[in-house]
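Please go through the fold of this protein with the coordinates open.

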Amino acid sequence: MNLASVDLNLLVAFEALMDERNVTRAGERVGLAQPSMSSVLTRLRALFGDDLFVRSASGMQPTAKALALARPISEALGQIRGVLAPGSSFDPATARRRLSIAVTDYGDLVVIPPLVAALRREAPGIDLVVRPIIDAAASAANLEHGDVDALIGGHLPASTRITRCTLFEENFVCIRDVGRAKQKARLTRDDYTRLPHALFSSAGGDGLPGAIDTMLARHGRKRRTAVTLAHVVAVPFAVAGTDLVATMAERIARRFAASAGVSVGPVPYDVEAFTIDLLYTRRATTDPALRWFIALVDRVCKKL
């Protein structure tokens, strides 16, 4: 393809259509009336030899070709915007800015403390607002709409409009009262399913089956959840001094093991690790401050 024959505005229109999934709203975003935007869509279809967007009851749905094009086009436009943006340089030491992120309980306990310390050292003029992720889908929508700048946590939803960066992997471990662990150092599989469990549920204590229950079901086993807690930090303190066991993320378990009086050990089953991810949108490629912040989060998490 001869790039000289490609109108860059077509790619801007494609990006708007991908985000809005509506011809009229996409047109308003790029300053075109609905008939003109429809004409642009016709030109886009001719350029890429594909329908790109198909009408449905829920709006214009992207085809497989459009989904494949979305990220490279967004990244290319982001780089162009970054080059053309005035004042694109950024000095964290002198910058004054307010950033807003949403995190899971895990992110709040494991990622936020060292991130705040790094911000205070390197960018003392940047204020950080940390919000909880209660409903992951709602938080992802807030990210897409620009209400928050990034999301941090595990098991976060995917979207073609969101970039996902894996920060690190986390493992599950089993915790028990430290005194009982001294009596029997290692749990068997039978011990694990026989003993009552304490469970953290981010949905406010509803106790719905999770990854551990699914894993046990594959082995034809089932655990009894005797206590369901709404806050992950409460789990080790609930386990201490009781016959309860709990399965939780290793970094959190080890952080509170000594103060809670619990012992950390392996789960007597093979449990898949999970990833802690950083989610952001293309705004991070055009905003020097946000681009620096995303890189800082990645750098901090490499040391965890």
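A residue counts as buried when its relative accessible area is under 20%, and as exposed when that area is over 50%. The model is predicted. With that cut-off, 10 of the 14 residues of α14 are buried, so this helix is largely enclosed by the rest of the structure. The buried residues are Pro288, Ala289, Leu290, Trp292, Phe293, Ile294, Leu296, Val297, Val300 and Cys301.

The geometry of α14 can be checked against its length. At 1.5 Å a residue, the 14 residues of α14 should span 20 Å, and the end C-alpha atoms are 20 Å apart, which agrees. At the start of α14, the backbone nitrogen of Ala289 has a side-chain oxygen of Asp287 within 3.0 Å.

Next comes the core. The largest nonpolar core has 49 residues, of which Ile152, Ile175 and Phe293 touch the most other members. Helix α14 (residues 288-301) supplies the largest share of this core, 8 residues. Another core, of 21 residues, lies apart from it and includes Leu11, Val23, Leu52 and Ala66.

Which residues does Ile152 touch, not counting those up to four places away in sequence? They are Ile101, Ala102, Val103, Thr104, Val111, Ile133, Leu167, Ile276, Asp277, Leu278 and Val297.

Leu151 in β5 is the bridge partner of Ala102.

Ile112 lies in α6 (residues 112-122). Is Ile112 buried or exposed? Its relative accessible area is 8%, which is under the 20% cut-off, so Ile112 is buried. Leaving aside neighbours within four places in sequence, Ile112 is in contact with Ile101, Val103, Gly107 and Val130. Ile112 and Ile152 are 40 residues apart in sequence, and their C-alpha atoms are 9.4 Å apart in space.

The remaining helix is α1. It has 13 residues and reaches 19 Å from its first C-alpha to its last, close to the 18 Å expected at 1.5 Å a residue. At its start, a side-chain oxygen of Asp7 comes within 2.9 Å of the backbone nitrogen of Asn9. After α1 comes Arg21, with a positive phi near 55 degrees.

The buried residues of α1 are Leu10, Leu11, Ala13, Phe14, Glu15, Ala16, Leu17, Met18 and Asp19. Among them, Leu11 also belongs to the core of 21 residues. Glu15 has a relative accessible area of 5%, and is therefore buried. Not counting residues up to four places away in sequence, Glu15 touches Arg29, Ser74, Leu77, Arg81 and Arg282.

Methods:
Residues are numbered from 1 along each chain as its sequence is written. This is a predicted model: local features need pLDDT of at least 70, side-chain atom pairs count only at pLDDT 80 or more; totals for chains, interfaces and linings use all residues. Side-chain values use heavy atoms; hydrogens and water are left out. Helices (H or I, at least four residues) and strands (E, at least two) are DSSP runs, numbered from the N terminus. Buried means under 20% relative accessible area, exposed over 50%, partly exposed in between (1.4 Å probe, protein chains only). Contact means heavy atoms within 4.5 Å. A nonpolar core is a set of buried Ala, Val, Leu, Ile, Met, Phe, Trp, Tyr and Cys residues joined through side-chain atoms within 4.5 Å. The expected span of a helix is 1.5 Å times one less than its number of residues. A polar contact is a pair of N or O atoms within 3.5 Å; within protein, one must be able to donate a hydrogen and the other to accept it, and residues adjacent in sequence count only if both atoms are side-chain atoms. Two strands pair if DSSP finds at least two bridges between them.
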